[in-house]
Every structure is written in C-alpha cells, then in structure tokens.
Amino acid sequence: MKVLQSHRPKKKGSCYQVRGAYEELEHLSIELSAVRGQYIPTTGAQISHQYEQASTPVKSVDVYAVVMLYIEQRCAEQLNKICGNTFSIEIQPCHGTVHNNPSSTVQVTFRPRHSSIHPVRADFVRQQFITFYQRTASDLQVTSVFVSPHGHKDLQKRFPHLLISPSHDRYEVTVTGPFVHIVKLKEFLLKNTKSSGTCPSKCLADTPNSTAGPSHSNNPEEESCPICMEPILPMKKRTLQCKHSFCRDCLTQAFDYKPVCPTCGKLYGILKGTQPDGGKMNVTKNSSSLPGYEKYGTIIIHYDIPSGIQKEEHPNPGQPYEGASRKAYLPDSPDGRSILILLRQAFDQRLIFTVGRSTTSGRNNIVTWNDIHHKTSTHGGPTHYGYPDPDYLSRVRDELTVKGIK
C-alpha cells in the first residue's frame, strides 16, 4: 500500500484504482513487480509461483494502414518506447499490400518476449498504444501535391515531420502529416512556384537556386525553428513558457490554427477549432446499458453538421464541403454525465469536428471527427470504437483537459 500512496489510490472492490501519466504508471508497475517478486526484464529476477503465467494472452488492434505507416516512419522513437525491451510488434498484412487503399486496415499485435510477463502488463502496453495511435491519427491529414519526378526527395529533407510518398502519377506525391506542417509545405510550393514562374509540377526541378534542405549556417550552436526548419534569427525569436523556441511569424501562424506549442502541445489561451458553423448537438437517453456499465442507462449524443462552403480556416477555401450526422454513446453514470458537459463545451468551442479528408473513405472536403474521440458503437471494444472500454472516460477526459476543458 505504501507504493500506491503517492498515486492517490481509490478502493474499487478488491482492487485499487490509480491515475497518472503512462510513464508514472510504468514506473509504478515496475515497483509493484519488485514487491510481488514478479519477473523484471531489466534485472532478470524470477516471478513468484502465484503470479506465474503459462503464456500471456495477446490481443490485436485493428488500425488504419495509412496512420500506422506514418507512425512507423515518423514516430519510431515513441513506438519503441511503448514496446520497451519486453514486447515486440507485429503488423499484418504488410503495408505493401494495402497502402494504395486509404480505408485499408492492418492488425497490430504486441507480443511479449517472455512467457512469464503478466497479462496486466500486456494490456497496459496495448492501451498505451491505442491512446498514442488515436492522438496521432487525430491531427493527421492526407493530401496530394504536384512536384517534379524526383522532387519528393528534396521535399522530404526540407519537411522531416511529413511522410511524402510517390504515386502512380510521376508528377504527384501523397503527403501525410500534421496539419500545420502540411500548410507550411503548401506555402513553400506556392512561394517557389511564384518566384520561378513555373507550374507546380516543375517547381523544384526547374529552379536551380532552390535548396533541398534548410539553409543552415556554419554555426553549430545556431537554433533551427521546428516549423520551418530554418535558422531562427535572434530578433525574430520567440520562446514559450515551455522553453521551446520558434520564428515569431511561424509561431503566429501556428497559433492562428491552434494556440498550443507545436513541439510539446502545451496550451496557451482558449482553444477554438475549425468546426463548421450551424451544427447541432442534441442528447437523448434510453434505459439499455453499455457493456461494462450494466447499472446505468445510455446517453446518446446526436451531432448534425450541415453541408456548406469552406472558409479560410479550412483546407480548400471557397469549395463546398459535405456535412455529417453522427451518433456517440456514453454511460448515464456520474462520470458519463460529467464527460457530456465537457463535450458540450468542446462543441461550443468548435473542437469536435473539422473539414478534411476521411481516413476511412479517402474522400476529401467532408466533415470529419477532430481529435476528441467518441464511442460511435455500443459494442466491439476500443478497436471498434465501442464498449467495453474501462479506460475510455478517463482517456477522453485527459484529451479534453489538454484543450483547457476541465
């Protein structure tokens, strides 16, 4: 019990419930393992007989191939941190058979390297991946741009946060990455095109004076802006409270999109989203229960966002977008009702939806979910956006807290 005291445990039947960042819970898991005499990978200690497991059950996670490819290519460090030394990751089928279809899914499995790893630890790693995947996917956009036949290699060097892949059209590439970096890419291509007087498909190949990467100086101590990747001029430098620095103009534009640090995500001010105007959020209830919440009824949220014309804050201003009607489900429990109030506030701040490209259908210019996750099914578990999912309410509360909604 002494190990748990700093985590403010709550008694839940024969168990204790604790909350905290994944790093904190990982450390707690190691401490508890030491107390119980479990196998500890870093020390090679032996597990006690009462916790011994013949094999750890393995549950797979179904995810979109395009998002998983981005995570593998651009978030390898975070993925390795989740796996640690105790788990290996398997992805089936391989990306080469599915990458051309935006709605294709792959199955991700975390397999323990030791048969003695406790099932609770395996589930912890799986839940950590699900949270990381959802947060990554929520800010990703997929778009197409025209470059020279070999220009995508130059662009990839200049924009390392983006995943740039050639397509069947030799003058077109597919770009996957966070919205703010895609905006910077499009601005660069437009600026390059105007200065060279050529069409976009030749903007990199036909301008000999354009550079492939950031124009770094010979000063090894010179700091680069994480957004534009160019050296930060001292008179144009802005450092946030979180100690991350940027070009003042780059940060201003990033804050126009979302007032958070582009590096660590710390919130500065009140967050306003790009959800189209005119939407409605209505709530009904019924007496049926959700898996895992058998004592309570169900809250049904009805979202209705009408079709309209995109504004400057959207990917293609002036073009029409297709609206959407969605349903989401919460348990009619005290925690569920609390989350409902927070979701209402998020809706009023235009944070629930945005306009972009659907990761399920691959269609552009439609209303899509933003980065606050909803349960759109009553069953199927977390991989099918349904219940049971005992950690969902705490996860979505954390997502809302990051946006300043408490």
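Guide: Start with the words helix and strand. Helices (H or I, at least four residues) and strands (E, at least two) are DSSP runs, numbered from the N terminus. One more point: this is a predicted model.

Visitor: Let me try those words on one residue. Where is P388 found?

Guide: P388 is in the loop between strand 17 and helix 9. Look at the bond before it. Most residues other than glycine have a negative phi, and most peptide bonds are trans. The bond that joins Y387 and P388 is cis, with omega at about 5°.

Visitor: What sits over the ring of Y387?

Guide: The charged end of K375 does. The distance to the centre of the Y387 ring is 5.8 Å.

Visitor: Now phi. Which residue has a phi near 80°?

Guide: That is K243. Its phi is positive, and K243 is not a glycine. Find K243 in the loop between strand 9 (237-239) and strand 10 (245-247).

Visitor: Is K243 buried or exposed?

Guide: The cut-off for exposed is over 50% relative accessible area. K243 has 69%, so K243 is exposed. C242 also lies in the loop between strand 9 and strand 10. Buried means under 20%. C242 has a relative accessible area of 18%, so C242 is buried.

Visitor: How many residues along the chain lie between C242 and K266, and what separates their C-alpha atoms?

Guide: C242 and K266 are 24 residues apart along the chain. Their C-alpha atoms are separated by 7.3 Å. The C-alpha atoms of A122 and F110 are 7.7 Å apart, and the two residues are 12 apart along the chain. A122 is buried, with a relative accessible area of 12%.

Visitor: Next, rings. How many aromatic pairs does a search of the whole structure find?

Guide: The search finds 10 aromatic pairs. Take F159 and F188. Their ring centres are 5.8 Å apart and the planes are at 65°, so this pair is edge-to-face.

Visitor: What does the pair of F159 and F188 tie together?

Guide: F159 lies in the loop between helix 5 (151-158) and strand 7 (163-166), and F188 lies in helix 6 (residues 179-196). The pair therefore ties together parts that are 29 residues apart in sequence. Both F159 and F188 are buried.

Visitor: And which aromatic pair is stacked, with 20° between the planes?

Guide: F353 and W369 form that pair, 4.7 Å centre to centre. F353 is in strand 16 (residues 353-356) and W369 in strand 17 (residues 366-369), so the pair ties together parts 16 residues apart in sequence.

Visitor: What is the relative accessible area of F353?

Guide: It is 1%, so F353 is buried. W369 counts as partly exposed, because its relative accessibility is 26%. Both belong to a cluster: ring pairs link Y303, F347, F353 and W369.

Visitor: Last topic, cavities. How many of 30 Å³ or more are found?

Guide: There are 3. A cavity is a space where a 1.4 Å probe fits but cannot get out.

Visitor: Which residues line the largest cavity?

Guide: The lining is V61, D62, V63, I130, Y133, Q134, P382, T383 and Y385. Strand 3 (61-64) and helix 4 (119-138) are the elements that give two or more residues to this lining. Sorted by class, the lining has 6 nonpolar, 2 polar and 1 charged residues. Domain 2 (60-95 + 103-190) and domain 3 (280-403) each supply at least three of the lining residues.

Visitor: What is the volume of the second largest cavity?

Guide: About 60 Å³. Its lining residues are Q134, H373, H374, K375, P382, Y385, Y392, R395, V396 and E399. Helix 9 (residues 392-402) gives the largest share, 4 residues. The classes are 4 nonpolar, 3 polar and 3 charged.

Technical notes
Residues numbered from 1 in each chain as written. Predicted model: local features only at pLDDT ≥ 70, side-chain atom pairs only at ≥ 80, totals over all residues. Heavy atoms only, no water. Phe/Tyr/Trp six-rings, centres within 6.5 Å; stacked < 30°, edge-to-face > 60°. Buried < 20%, exposed > 50% of the residue type's maximum accessible area, 1.4 Å probe, protein only. Lys NZ or Arg CZ within 6 Å of the ring centre and 35° of its normal. 1 Å grid on protein atoms, 1.4 Å probe; cavity = no way out; pocket = protein on both sides within 12 Å on 5 of 7 lines; lining within 4 Å. Points joined across faces, edges and corners; volume = space filled by probe spheres on them. Nonpolar A, V, L, I, M, F, W, Y, C, P; charged D, E, K, R; others polar. Domains from an automatic or database assignment.
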